[in-house]
Amino acid sequence: MEDVVVYGVPFSSYTWSARMALKEKGVEFQMVESQPHTQLQNELYPFGKVPAFRHGEFTLFETTAIMRYVDEAFEGPALQPETPAERAQMDQWMSAVNDVYYDAMIRRLVLERLAPMIFERDPDELKIKSALPDIEHQLDILDRRSSRPCLLFLG
Ligand SMILES: N[C@@H](CCC(=O)N[C@@H](CS)C(=O)NCC(=O)O)C(=O)O
């Protein structure tokens with residue numbers, strides 16, 4: 001098999017998504033630890049974010065593009081639903097996660113809570129506090145739209 005490589009930060013949620021798609025598909029790959037905005041990452045992803053992906057000579061950035069490519073380019077169990085309606089719902093939720101959920105859950109809560117480790121500064125407690133009602137609302141919507149309830153521990 002040609003080289004399959006994910007370039008990213010192990011704890012990054014988007015890097016996890018790319019790796020999970022490869023794992024679910026049963027594709028062997030190498031994980032190269034690469035921080036955002038380094039020379040390597042800027043070469044692979046014009047805006048320097050993680051993850052980036054390489055399959056032989058072919059490179060990609062943007063997690064949904066990577067996951068869709070992984071599903072369609074390799075043998076293994078299908079990761080996407082078959083019907084147009086179900087695929088559209090998949091796109092709808094991935095887009096909502098990118099556009100809405102990521103900001104509150106990751107930027108304003110998780111990254112802020114991990115600020116001492118990542119940015120070497122104190123967490124911005126006001127930012128975290130402002131994220132909590134938004135997250136509660138977002139998870140409530142997921143609960144109402146999904147057959148699997150979300151567990152919420154915001155206390
Ligand atoms: N739209 C991108 C978002 C990727 C992203 O935001 N990655 C974060 C880590 S989880 C990152 O690189 N952050 C650094 C930055 O935004 O400068 C994708 O879907 O791959």
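Buried residues account for 29% of the 155 residues in the protein, which is described here from a predicted model. The secondary structure consists of six helices and four strands, and these elements follow one another along the sequence in the pattern β-α-β-α-β-β-α-α-α-α. When taken along the principal axes, the box filled by the C-alpha atoms of the protein is roughly 50 × 40 × 20 Å.

Strand β1, which comprises residues 4-8, is largely enclosed by the rest of the structure, because five of its five residues are buried. Val4, Val6 and Gly8 point one way from β1, while Val5 and Tyr7 point the other way, and burial applies to all of these residues. Strand β1 has two pairing partners among those examined here. With strand β3 (residues 52-55), β1 pairs in the antiparallel sense over four bridges, and within this pairing alanine 52 of β3 is the bridge partner of tyrosine 7. With strand β2 (residues 30-33), β1 runs parallel, the two strands being joined by four bridges, and glycine 8 stands opposite glutamate 33 of β2.

Side chains of opposite charge can pair when their charged atoms come close. A search of the whole structure finds 11 salt bridges, of which several are described in turn. In one of them, the side chains of aspartate 3 and arginine 54 meet with an N to O distance of 3.8 Å. This pair links distant parts of the chain, since aspartate 3 belongs to the segment before β1 and arginine 54 to strand β3, 51 residues apart. Aspartate 3 is partly exposed, with a relative accessible area of 46%, and arginine 54 is likewise classed as partly exposed, with a relative accessible area of 21%.

A salt bridge is also formed between the side chains of aspartate 91 and arginine 68, for which the N to O distance is 2.5 Å. Aspartate 91 lies in helix α4 (residues 84-113) and arginine 68 in helix α3 (residues 63-73), so that the pair ties together parts that are 23 residues apart in sequence. Aspartate 91 is partly exposed at a relative accessible area of 32%, and arginine 68, at 28% relative accessibility, also counts as partly exposed.

In the salt bridge between aspartate 103 and arginine 108, the closest N and O atoms are 3.4 Å apart. Aspartate 103 is partly exposed, with a relative accessible area of 26%, whereas arginine 108 is buried, with a relative accessible area of 15%. Through salt bridges that share partners, Asp103, Arg107, Arg108 and Asp134 are joined into one network.

Helix α3 also contains aspartate 71, which is buried, with a relative accessible area of 9%. The side chain of aspartate 71 takes part in a polar contact of 2.7 Å with the side chain of lysine 25, and a polar contact of 2.8 Å joins the side chain of aspartate 71 to that of glutamine 80.

The surroundings of the ligand are formed by Ser12, Ser13, Tyr14, Pro36, His37, Tyr45, Lys49, Val50, Glu62, Thr63 and Tyr102. Among these residues, histidine 37 has an N or O atom in its side chain at 2.6 Å from an oxygen atom of the ligand. In the case of glutamate 62, an N or O atom of the side chain is 2.9 Å from a nitrogen atom of the ligand, and for threonine 63 a polar side-chain atom lies 2.7 Å from an oxygen atom of the ligand. The ligand taken alone exposes 500 Å², of which the protein buries 78%.

Notes. Residues are numbered from 1 along each chain as its sequence is written. This is a predicted model: local features need pLDDT of at least 70, side-chain atom pairs count only at pLDDT 80 or more; totals for chains, interfaces and linings use all residues. Side-chain values use heavy atoms; hydrogens and water are left out. Buried means under 20% relative accessible area, exposed over 50%, partly exposed in between (1.4 Å probe, protein chains only). Two strands pair if DSSP finds at least two bridges between them. A salt bridge is a side-chain nitrogen of Lys or Arg within 4 Å of a carboxyl oxygen of Asp or Glu. A residue is near a molecule or strand if one of its heavy atoms lies within 4 Å of it. A polar contact is a pair of N or O atoms within 3.5 Å; within protein, one must be able to donate a hydrogen and the other to accept it, and residues adjacent in sequence count only if both atoms are side-chain atoms. Accessible areas come from the Shrake-Rupley method with a 1.4 Å probe; for residues, only the protein chains shown count as cover.
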